[in-house]
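Hello,

Here is the structure I promised to hand over. Please open it first, then read my notes below.

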Amino acid sequence: MKGWTGKTLIVDLTQGTITTEPLNMDIAPLFIGGRGLGARLLWDLVGPEVDPLSPDNVLIIATGPMTATGFQTSNRFSVSTKSPLTGTVLDANSGGYWGMRFKRAGYDLMIIKGRAPKPVYLEITPAGVSLHDATHLWGRRVAETSELLGQDKNKRNVLCIGPAGENLVRFAAIMNDATRAAARGGPGAVMGSKNLKAIVVEGDERVEMADKERFRFVQYEATKMLKANPITSQAFPEFGTAVVMNIVNAIGALPTYNFQQTHFDHADAISGEAIAETILVKNAACWACPIACTRISKTDKGEGEGPEYETAWAFGASCGIDDLIAITNANFLCNDLGMDTISAGSTIACAMELTEKGLLTSDLRFGRADLLEQTVEDIAYRRGLGDELAEGSYRLAERHGAPELSMSVKKLEMPAYDPRGMQGQGLLYATSNRGGCHMRGNMLSVEVLGLPKLIDRFQVQGKASFVILHQNTAAILDSLVACKFVNIAVAEEYLARALTSLTGITYSTGDLIRAGERIWNLERLYNLREGFTRADDTLPPRLLNEPATGGSAGWVSHLEPMLAEYYRSRGWDENGVPKPAKLEELQLADLAAEVIHG
Amino acid sequence: MVDERVYEMFREIGRDMYVHNLVSSHGGNISVRFGDRIIIKRRGAMLGRLKPHDLIETGLEKNDSGVALASTELIVHRAIYKATPALAVVHAHPRVAIALSLSRDEIVPIDNEGSYLLKKVPVVSVEFASGTKQMADTLAEALKSYKIVFLRGHGSFAIGQTLDEAFQWTDALEEAAQIIMYAKYLNEEMIEYRRMSDSYSSW
């Protein structure tokens, strides 16, 4: 076996059994690994009758053929499950070291089923795989849990949940290497519902390659690209992802006060430059990553990781807060409690607007930096109002009679790019199959950063094609598994050649993108089977009706014409259902029969 | 109705291609894909002097009246869009590259920029090298793996997300071809400055 290890680990927590199975090579080349393979397996294992927090849901933790090979950013893994926040197909992925180590323990993926009768943790070492009692760990935070289980990034890597996962917060994260998060959509709550506290891995098996010499050449050429690109070689290492804060704000696409405005007067105070000047200790990198965008920061509460752009925005501009220390401390807390910072910040912003509009009784108001930390704690432990916030912004706003004030798509809170100033971004959010997400395609690159070339951010005609291409590409990156940031500099043709030299299976660039399209359509079928319809492919009314401010003043999202073009371009009917010819072309026709024909 | 921004893009790229000697007065063609639609240069229009009415919209798969007006290479553009992730296609007649294509099966740049951007440009041959299905299928298949491919004796076909990206590959190829030609004229031993340069042929 080249590229893949060929081994799947299956853990049944109800039965307490651990088995291995060979990787299904009928499907692996079609869905690659990570998110793609996860979605394919989820299709078989978790149907519409399954409650996401029931023992019948599964957690699929998957690497890809590129993981642990040493290719730039080949450290990542993916967690697939049915989301307790959105009810959609979900994958969340994370970097660090754990994914690399799991692959080097000798597995492509693991499927975790059932629910343990009491808290347990899983240990995978060269000596074997075993379940252990975790009663003494239950209730402990992420850093402490990781330390108690012997976290050592170069040898023994810990993946775990914090109190938020244990308490079934709908946007709880699965954390690894203490500070990295697979967070969006709440996979941590699924892990918590299974009474699984942690997974510890050790191992050092090397990945076998079909053509090592060619692989090294592709890697060498990719190095040139990463060194030459100013974002990957300068901007991200020096300022982190928050380097885009001032850029996005300048064009009037920075959602502010729960998307009531699109320009934040104090953006500079929470920008990458401000982080570098005030709290940054150093930058750091995941395994095999030359970019090193991670921020190691220090505040009065100690040293920790963050804030990323999305986090600085979620607790910052979205909440009308410009106190970088308070934002960073909230970030540190989310890491330690195991929670998605985007959903946490955006849900708090929603509560602030509900309160200011008299729909909710609370102290939360825009700008109340002093309440951030306590509110984050309350969410994780479901204390007081925190119990409502732990359900996410949509359920919160709906409960108080104003679901339209939840800035979410399919109940997943949107991140830090306002669709009114980036038309393609709106279509991306509306059609994203895990809800309002910026990692399902990279419109920032083409609409703002000019990668590979700048397109008009207000243009509507033709925008669907860009969204589709970037969605398909993102599906591939999540399946290889590689970081989205490598693709800022390293184009798909490099990835196709790397995959070919790893696996010995010829993937042209076109084949690779076609695999991404296959994955996207499968995820669409999954959501259709769950009962999602065209009506769910939309944006909060605010973005369709209330004009932007700042550099995008006067613009609203022109979603409808883009959506119609999108469905046609995808080969879907007017209801957003893939047509038989498209499914045939993508080798999905057999799976689709039950969705298309009932 | 084609957006004004789209016309401006066509006009600028078309003009640049002519100014850069990548096409003769009426040669070459360019297109973009908008979902299930293609916007392509009008048959017989001059790339260097495109007017709004020189942009023809037609179906990616389905024929309509647009096919009566579109470039003769429409069949090739359609095949490329169906087989690859391309959102733009640039077809040019770069002169030095054409000359090189007459004697080799691949053009491997020796300059830094060409090596960095292109690695290798394959040269393909077909019997009927203008507007045929054989030509369309051959080019589309090659462009699944390469962002720019050369049709022997005819010209280049480049793909990208945008016209300017596909234009960049085209212009870089012609620059690389000229440097190969100059180096050949000089007829001096080349001092290799690129690590792993032997591998470019395997790209």
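This is a predicted model: local features need pLDDT of at least 70, side-chain atom pairs count only at pLDDT 80 or more; totals for chains, interfaces and linings use all residues.

Cys160(A) stands opposite Met175(A) in β10(A). That pair belongs to strand β9 of chain A, residues 156-160, and strand β10, residues 174-176; 2 bridges join them, and they run antiparallel.

β9(A) has another partner. With strand β12 (residues 196-202) of chain A, β9(A) pairs in the antiparallel sense over 5 bridges. Within that pairing, Arg156(A) has Glu202(A) in β12(A) as its bridge partner. β9(A) is also mostly covered, with 4 of its 5 residues buried.

Next, the domains. Chain A divides into domain 1 (7-202), domain 2 (240-413) and domain 3 (423-538 + 558-596). Look at domains 1 and 3 of chain A together. Their C-alpha centres lie 25 Å apart. Across the boundary, 39 residues of domain 1 of chain A are in contact with 33 residues of domain 3 of chain A. On the domain 1 side, the elements that give two or more residues are α1 (28-31), α2 (34-45), β4 (77-82) and β5 (89-94) of chain A. Of these, α2(A) gives the most, with 8 residues. By class, that side has 15 nonpolar, 19 polar and 5 charged residues.

Then the contact between chains. Here 23 residues of chain B are in contact with 25 residues of chain A. On the chain B side, two or more residues come from each of α1 (4-19), β1 (29-34) and α6 (163-186) of chain B. The largest share, 3 residues, comes from β1(B).

What does Leu139(B) touch, not counting residues up to four places away in sequence? The list is Val76(B), Ile80(B), Val124(B), Val149(B), Leu151(B) and Phe157(B).

In helix α14 (residues 372-380) of chain A, the buried residues are Leu372(A), Thr375(A), Val376(A), Ile379(A) and Ala380(A). They lie on the same side of α14(A), because they cover an arc of only 135 degrees around the axis. The buried residues of α14(A) pack against α5 (163-166), α12 (324-337), α13 (341-356) and α15 (385-389) of chain A. After α14(A) comes Arg382(A), whose phi is positive, near 55 degrees.

Last, a single residue. Arg440(A) sits in the loop between α17 (423-431) and α18 (443-449) of chain A. Is Arg440(A) buried or exposed? Arg440(A) is buried, because 23 other C-beta atoms lie within 10 Å, and the cut-off for buried is 20 or more. Leaving aside neighbours within four places in sequence, Arg440(A) is in contact with Leu428(A), Ser432(A), Arg434(A), Gln471(A) and Ala474(A). Arg440(A) and Thr256(A) are 184 residues apart in sequence and 22 Å apart in space, C-alpha to C-alpha.

Best wishes

Conventions
Residues are numbered from 1 along each chain as its sequence is written. Chains are lettered from A and ligands numbered from 1 in the order in which they are written. Two residues are in contact if their C-beta atoms, placed from the backbone, lie within 7 Å. Domain bounds come from an automatic or database domain assignment. Ala, Val, Leu, Ile, Met, Phe, Trp, Tyr, Cys and Pro count as nonpolar, Asp, Glu, Lys and Arg as charged, and the others, Gly among them, as polar. A residue is buried if 20 or more other C-beta atoms lie within 10 Å of its own, exposed if 12 or fewer, and partly exposed in between; C-beta atoms are placed from the backbone. The arc is that of the directions from the helix axis to the C-beta atoms. Two strands pair if DSSP finds at least two bridges between them.
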